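Try each task before you read its solution.

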Amino acid sequence: MAFPITLHPVGRRALVVGGGPVALRKATALAESGAVLRVVAPHALAELRDLLKRIGGETIEREYGPEDLDGCLLAVAATGDERVNDRVVDDARARGVLACDAMHPARGDFTMQAVVRVGDLTFTIDTGTASPAFAKRLARELRERFGEGYGAAAKTLGRMRTYVKAVLAAPERAGVLQTLAELPIERLATMNPAQAEHEVEETIERLRGHDDAHATSAVVCASRASALAMTQAREVAARLAARGTATTILNITTTGDRVQDRALAAIGAESLFVKELENALRDGRADYAVHSCKDLPSSLPGDMRIVAISTREDPRDAFCSDRYETFAALPAGARVGTSSLRRRAQLAAVRSDLSYVDIRGNVDSRLRKLRDGEYDAIVLAMAGLNRLRLQARYTVPFAVDEIVPAVAQGALAVETRANDEPLAASLREAVNDSVAELAVTCERAALEALQGGCQAPIGIHAVYRNEDLVVRGVIASLDGSRIAAGLLSAPVSTTDEARSLGLALARALRDGGGLDILAEHARPQGRPLAGTLIVLARTQARPSGIAAALRADGAEVVEFRKDDPMPALLEARVPDLLIFPSSGSVAAASALLHDLRHLERRPTVATMGPESSAAALAAGFAPDLVAPDAAIDTLVGVVREHFLESNAP
């Protein structure tokens, strides 16, 4: 078991034995940490000699000798000769010098982890030597996620901490520092020292409260950890704090955040960015959650409710490009990135000559991919761009009658447990915008009546024109060739009237051809496993959520346990897929696996996580599909995507 520590080798001598690419990598990492380098090798790469020359290190081109360890804090054995590496490690230990064996990490005293530095921040990555390539990927993603702004923010927080220690007694410091640490990164990054001190004073005053009689205990807000989600959560928390209730923010990673290598529609579930936040409310880890309202499903679980809708940011979708000024200026065949089926369908209706491709990630990473040339243009929500104060070189909003926005786009929804009346009342008073609430109620009523989720190709947008609420809607086929559109208006002053208008729009869209389009959408997306025979190996008798989800996708599922008789169905047919949700389920299906070995066609094998994968491999059925985590939605999404690709023309 590794014990991670941080060394400060600045000014201390480190020895690297070896002159090849591995030695170069190790020497570069040590040089970045400020170590004084000595490199010993019969022959050293020119790049390694140049590095030593730049930093004032020492290159000794000869065979290694024990005397090379004199005065060293660390030694790295990085030759291609195991015997030499063994000598270096043994000699180092005899002299009390910490040693690293680059060929056999477990043999040495320490390993050199991948390091990402952002200003004064240092991130280290340790995969337990299992996958250096994966460590490189994580390092790349950390650099993408945490830019220079985080380093600048850390400097600002360092100044703030010094000031807090100077002006506050110890018992008060922790709460103030925690609140300051939750400020938006972009705000911290741009503060000068005077602004930082001013922010500290305001925070102290706010937390102490102007009127202690109205102060309440702190509550916890569940939020996704992205920059946009945190900005939105802090916006709500600030409004609540102004009324005497402090908030601590609990970061939660959702299914939609974890699974980044597949399109949202292929993951296989609604509530991709919501469910885990609701679970935090249920189990008491959080008291309220803040969502982008467009991420919410059209109906909520019975134990949850929306207590407030925020003032709406710009609800429009935006064309973003660093090369082309407008959507019309894109050349035929240009790559346009979007993760939304709604956007793709409506964009294709305007321009079918473009290539629409999936893009995942948060707002800033999508803009980075655009800058790196992976896409000619991308389409994002103006609301997110405005809240983060981000934009591409060319950022042009689409008119709502050209690309109809998603239901509730631009609004924030605050969710609580259904029975939490006092907090619900406080949040509603602090956050709710009655005009936005009526518009969102109308839009969500239409979506619910159409039985469309947040991934359906449906756009609905309501806005007040004088006393009337005007709502427009569109349902488009994925290739943009067919569109059902509607536009209605009525005087609306209550939520009941808003719902009625939304239901009327839904009827108009259904009658105008929308029902056929949604049915067409549901066939490939909603029943992708139709005609598929799946064997699910089980160890328990209770109902299986995996089986239910697969059957909902149209699959024929046979649940097989250790002592079950061989189903007659399997005597006449070969399964298309075997699923092992646990290592124990592989053993439970041993009789079935014995029979399947003699068949000409081998079924596809899917597993959940590394343990079931290893067990399947040991049984002679190497997995073809592996769900990265033990979640039903993730497994079903992996299976769905496989069969969608297999059946694609």
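The exercises below use a predicted model.

**Exercise 1. The open sheet**

Task: Find the order of the strands in the five-stranded open sheet, and decide whether the pairing is parallel or antiparallel.

Solution: 
1. Trace the sheet across. The order is E3-E2-E1-E4-E5, and the pairing is parallel.
2. Look at the edges. Strand E3 (58-60) and strand E5 (98-101) each have a single partner strand, so one side of each lacks a neighbour in the sheet.
3. Neighbouring strands are turned by 15° against each other on average, direction ignored.
4. Zoom in on one pair. Five bridges join E1 (residues 13-17) to E4 (residues 72-77). Here Ala14 stands opposite Leu74.
5. H3 (residues 82-94) lies across E1, E4 and E5, at about 165° to E5.

**Exercise 2. Arg366**

Task: Is Arg366 buried or exposed?

Solution: 
1. Locate Arg366. It is in helix H14 (residues 363-371).
2. Apply the cut-off. Buried means under 20% relative accessible area. Arg366 has 12%, so it is buried.
3. List contacts beyond four places in sequence. Among them are Ser339, Ile359, Ile378 and Leu380.
4. Compare sequence and space for Leu380. It is 14 residues from Arg366 along the chain, and their C-alpha atoms are separated by 8.9 Å.

**Exercise 3. The largest nonpolar core**

Task: Which residues of this core touch the most other members?

Solution: 
1. The core has 32 residues. Cys293, Leu450, Ile458 and Ile460 touch the most other members.
2. Helices H17 and H18 and strands E18 and E19 each supply at least two core residues.
3. Take Leu450. Its contacts beyond four places in sequence include Ile458, Ile460, Ile475 and Leu509.

Notes. Residues numbered from 1 in each chain as written. Predicted model: local features only at pLDDT ≥ 70, side-chain atom pairs only at ≥ 80, totals over all residues. Heavy atoms only, no water. Core = buried A, V, L, I, M, F, W, Y, C linked by side-chain atoms within 4.5 Å. Buried < 20%, exposed > 50% of the residue type's maximum accessible area, 1.4 Å probe, protein only. Helix = DSSP H or I, 4+ residues; strand = E, 2+ residues; numbered from the N terminus. Contact = heavy atoms within 4.5 Å. Pairing = 2+ DSSP bridges. Axes fitted to C-alpha atoms, helices over the stretch in contact; angles between N-to-C directions.
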